[in-house]
Amino acid sequence: EMSEMAERSKQNVAHGLAWSYYVGYLKTVLPRMKKSMEEFCRANPNLPACRKTWKLHILVPLSCDVYDDLEKADSNIQYVTDLTETTLARAGIKKRVYKHSLYAIRDEENQLWHCAVEYATPLQSLYAMSQDECAAFSREERLEQAKLFYRTLEEILKGSKECADAYRLIAYEEPEEADTHFLSREIVWHLRQEHHEEIAVLEGNHLHTPSTALDSAELNLQISVSDLPQPLRTDGF
């Protein structure tokens with residue numbers, strides 16, 4: 001009976017996608033992330049190195065609108081190169097390749113920030129389900145599923161020792177009015193926070209975490225208060 005209730009409310013969809021994403025992908029690639037970034041920085045000493053940004057930045061748009069080409073999503077995001085590939089045998093596939101792309105993000109002061117960034121690919125499945133009559137996903141249900149996916153993935157990764165400090169989840173909801181550089185500003189905001197964290201650690205200071213960070217508690221409030229999209233940031237971006 002509990003299983004049928006969960007299936008009817010579609011609560012199991014996002015939960016399953018988050019676990020599959022972690023077990024089938026993140027648990028494999030994240031422990032190798034810092035080594036890949038180290039190798040890249042050694043080979044490219046001219047690029048500024050901020051160790052706190054040596055992680056995989058995972059975009060979680062709550063609209064589930066995923067671009068295959070980040071450069072088309074925002075012209076201030078430019079592809080640089082691919083990091084070192086990881087090749088493994090997985091599920092009968094010989095020499096399966098895992099790799100990440102490094103991007104240069106241009107901020108409003110024309111400064112370049114380099115980081116590995118990609119979308120959380122399961123969101124493509126949620127979007128496709130909302131377009132398929134068989135899945136019968138409404139836009140509101142898709143939004144709730146995206147929030148549940150984020151909360152579940154956040155909790156999974158928090159409990160993973162292998163993936164500690166190798167990722168940063170960037171959950172956001174795009175503004176209603178068209179903003180061609182919203183995504184680049186969103187990523188740069190997180191990179192700046194990471195940079196400040198590194199400086200604070202080096203100087204031995206305690207860094208106050210701003211209340212703009214998106215967390216599970218905030219998402220819980222969003223779901224309980226309204227089904228409509230609500231702003232996730234209050235810092236003017």
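A residue is counted as buried when its relative accessible area is under 20%. By this criterion, strand β7 (residues 167-172) of the predicted model is mostly covered, with six of its six residues buried. In a regular strand the side chains alternate between the two faces of the sheet. In β7, both faces are covered: Tyr167, Leu169 and Ala171 lie on one side, Arg168, Ile170 and Tyr172 lie on the other, and all of them are buried. Strand β7 is paired with strand β1 (residues 56-61) in the parallel sense, over six bridges. Within this pairing, leucine 169 of β7 is the bridge partner of isoleucine 58.

The protein as a whole contains eight helices and seven strands. Of its 237 residues, 44% are buried. Among contacts with a separation of 6 or more, 68% are made by residues 24 or more positions apart. The accessible surface amounts to about 13,300 Å², and carbon and sulfur atoms contribute 51% of that area.

The largest nonpolar core comprises 59 residues, of which Leu26, Phe149 and Ile187 touch the most other members. Helix α2 supplies the largest share of this core, namely nine residues. When neighbours within four places in sequence are set aside, the contacts of leucine 26 are Tyr21, Pro31, Leu56, Ile58, Leu153, Leu157 and Cys163. Isoleucine 58, one of these contacts, is also the residue whose bridge partner in β7 is leucine 169.

Aromatic contacts were examined over the whole structure, and the search returned six aromatic pairs. One of them joins tyrosine 21 to phenylalanine 149 in a tilted arrangement, at 6.1 Å centre to centre and with 40° between the planes. The assignment as tilted follows from the angle, because planes under 30 degrees apart would count as stacked and those over 60 as edge-to-face.

Note on methods: Residues numbered from 1 in each chain as written. Predicted model: local features only at pLDDT ≥ 70, side-chain atom pairs only at ≥ 80, totals over all residues. Heavy atoms only, no water. Phe/Tyr/Trp six-rings, centres within 6.5 Å; stacked < 30°, edge-to-face > 60°. Helix = DSSP H or I, 4+ residues; strand = E, 2+ residues; numbered from the N terminus. Buried < 20%, exposed > 50% of the residue type's maximum accessible area, 1.4 Å probe, protein only. Contact = heavy atoms within 4.5 Å. Areas by Shrake-Rupley, 256 points an atom, 1.4 Å probe, with all protein chains shown as cover. Pairing = 2+ DSSP bridges. Core = buried A, V, L, I, M, F, W, Y, C linked by side-chain atoms within 4.5 Å.
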